[in-house]
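Hi,

Here is the structure I said I would pass on. Have a look at it first, and then read my notes below.

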Amino acid sequence: MSGASTDRGRSSANDPLIIRHLEFLGGMAKAGGWRPAAGLPEVAFSGRSNVGKSSLLNQLVRRRAFARVSKTPGRTREINFFGVNRAFILADLPGYGYARISKERQGEWVQLIEGYLRGNPHLRGVVQLLDARREPTDDDRQMFDLLAEIGVPALVVMTKIDKLSAPQRTQQLKTLAARCGVEEDQVIPCSAVTGEGRDDLAASLAALLDLTPLSGV
Ligand SMILES: Nc1nc2c(ncn2[C@@H]2O[C@H](COP(=O)(O)OP(=O)(O)OP(=O)(O)O)[C@@H](O)[C@H]2O)c(=O)[nH]1
Ligand SMILES: [Mg+2]
């Protein structure tokens, strides 16, 4: 993780989300704990432990190690908040479904995440990640149910797409869409390794946040 930084590189006219300013704002360690005060709109990255949330967030903002990535599942324990272009906030959620944590910690996780998602007037949407090589789990389905109940729009991302062949990928897109009850073209295939899907995700986020290229953000 790093502090404020400014992007002077790569400002392509076709980039749906040009990154001009990035800032690590802080972390929420427990339900009802510290959170950013600014009142900017927020989008949260959600999914199973190790699915690639922090990696995709880094890919989106074009930084290698802005949000912390780890080979050890369950590493992101706090909700980390990142300010983008002084216009909106990305929240990197700790992953769920990591079996090797105590029941007590799982309970704390539920409180932290549900507490954050429910009754958050700043939350505009959730980027819900699914691993391209796996079936959605009960935890994934519960998360979709929770988001539907709260009424938060979800952008569904099938990530680690680089691990699949072209035919596997077509098949898996069908399967995941059906299991999650969304249309195939609503699932955004992404890879934090090749960068595939970054601009599609950026465009969907910009639309969700109502950012226009002319708005200066
Ligand atoms: N091949 C491939 N590996 C990826 C991709 N995205 C993430 N990874 C790897 O998957 C592992 C977990 O990535 P993270 O980004 O830390 O996952 P996370 O969802 O933030 O994990 P937690 O914070 O523990 O919930 C790391 O070893 C990454 O390098 C991807 O698109 N393709
Ligand atoms: Mg993480």
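Before the notes, one term: two residues are in contact here if their C-beta atoms, placed from the backbone, lie within 7 Å. Also keep in mind that this is a predicted model.

**The overall picture**

The chain has five helices and eight strands. Going along the sequence, they come in the order β-β-β-α-β-β-α-β-α-β-α-β-α. There are 217 residues in the chain, and 36% of them count as buried. If you take the contacts between residues at least 6 apart in sequence, 70% of them join residues at least 24 apart.

**Leucine 155 and its surroundings**

Is it buried or exposed? Leucine 155 counts as buried because it has 20 C-beta neighbours inside 10 Å, and 20 is the number at which a residue is called buried. Leaving out residues up to four places away in sequence, leucine 155 touches Gly125, Val127, Gln128, Ile188, Ser204 and Leu208. One of these, isoleucine 188, is 33 residues away along the chain, yet the two C-alpha atoms are separated by 7.8 Å.

**The strands around E6**

Gly125, Val127 and Gln128 from that contact list take us to strand E6, which covers residues 123–131. Seven of the nine residues of E6 are buried, so this strand is largely enclosed by the rest of the structure.

Which way does E6 run relative to the strands it pairs with? With E3 the pairing is parallel, over five bridges, and alanine 44 stands opposite valine 126 in E6. With E7 the pairing is parallel too, over six bridges. There, glutamine 128 stands opposite valine 156 in E7. To get from E6 to E7 the chain passes through helix H3 (residues 138–150), and this β-α-β crossover is right-handed.

**Helix H5 and what follows it**

Ser204, another contact of leucine 155, belongs to the buried set of helix H5 (residues 198–208), along with Arg198, Leu201, Ala202 and Leu205. Seen down the axis of H5, these buried residues fall within an arc of 165°, so they line one face of the helix. The buried residues of H5 pack against strand E3 (42–46), helix H1 (53–61), E7 and strand E8 (187–189).

In the segment after H5 you will find leucine 209. Leucine 209 is partly exposed, with 19 other C-beta atoms within 10 Å. Setting aside neighbours within four places in sequence, leucine 209 is in contact with Pro41, Val43, Phe88 and Arg124. Its C-alpha atom is separated by 8.4 Å from that of glycine 125, which lies 84 residues away along the chain.

**Helix H2**

Helix H2 (residues 103–117) has 15 residues and reaches 21 Å from its first C-alpha to its last, close to the 21 Å expected at 1.5 Å a residue. Which of its residues are buried? They are Trp109, Leu112, Ile113, Tyr116 and Leu117. Seen down the axis of H2, they fall within an arc of 120°, so they line one face of the helix. On the face turned away from that buried side are the exposed residues Lys103, Glu104 and Gly107. The buried residues of H2 pack against strand E2 (21–28), strand E4 (79–84), E6 and H3. After H2 comes glycine 119, with a positive phi near 60°.

Arginine 86, in the loop between E4 and strand E5 (88–92), has a positive phi near 55°. Arginine 86 counts as partly exposed, with 13 C-beta neighbours inside 10 Å. Lysine 160 is in the loop between E7 and helix H4 (166–180), and its phi is positive as well, at about 65°. Lysine 160 counts as buried, since it has 22 C-beta neighbours inside 10 Å.

Best wishes

Conventions. Residues are numbered from 1 along each chain as its sequence is written. Chains are lettered from A and ligands numbered from 1 in the order in which they are written. This is a predicted model: local features need pLDDT of at least 70, side-chain atom pairs count only at pLDDT 80 or more; totals for chains, interfaces and linings use all residues. Helices (H or I, at least four residues) and strands (E, at least two) are DSSP runs, numbered from the N terminus. A residue is buried if 20 or more other C-beta atoms lie within 10 Å of its own, exposed if 12 or fewer, and partly exposed in between; C-beta atoms are placed from the backbone. The arc is that of the directions from the helix axis to the C-beta atoms. Two strands pair if DSSP finds at least two bridges between them. A crossover is right-handed if, with the strands pointing away from the viewer, the path from the first strand over the helix to the second runs clockwise. The expected span of a helix is 1.5 Å times one less than its number of residues.
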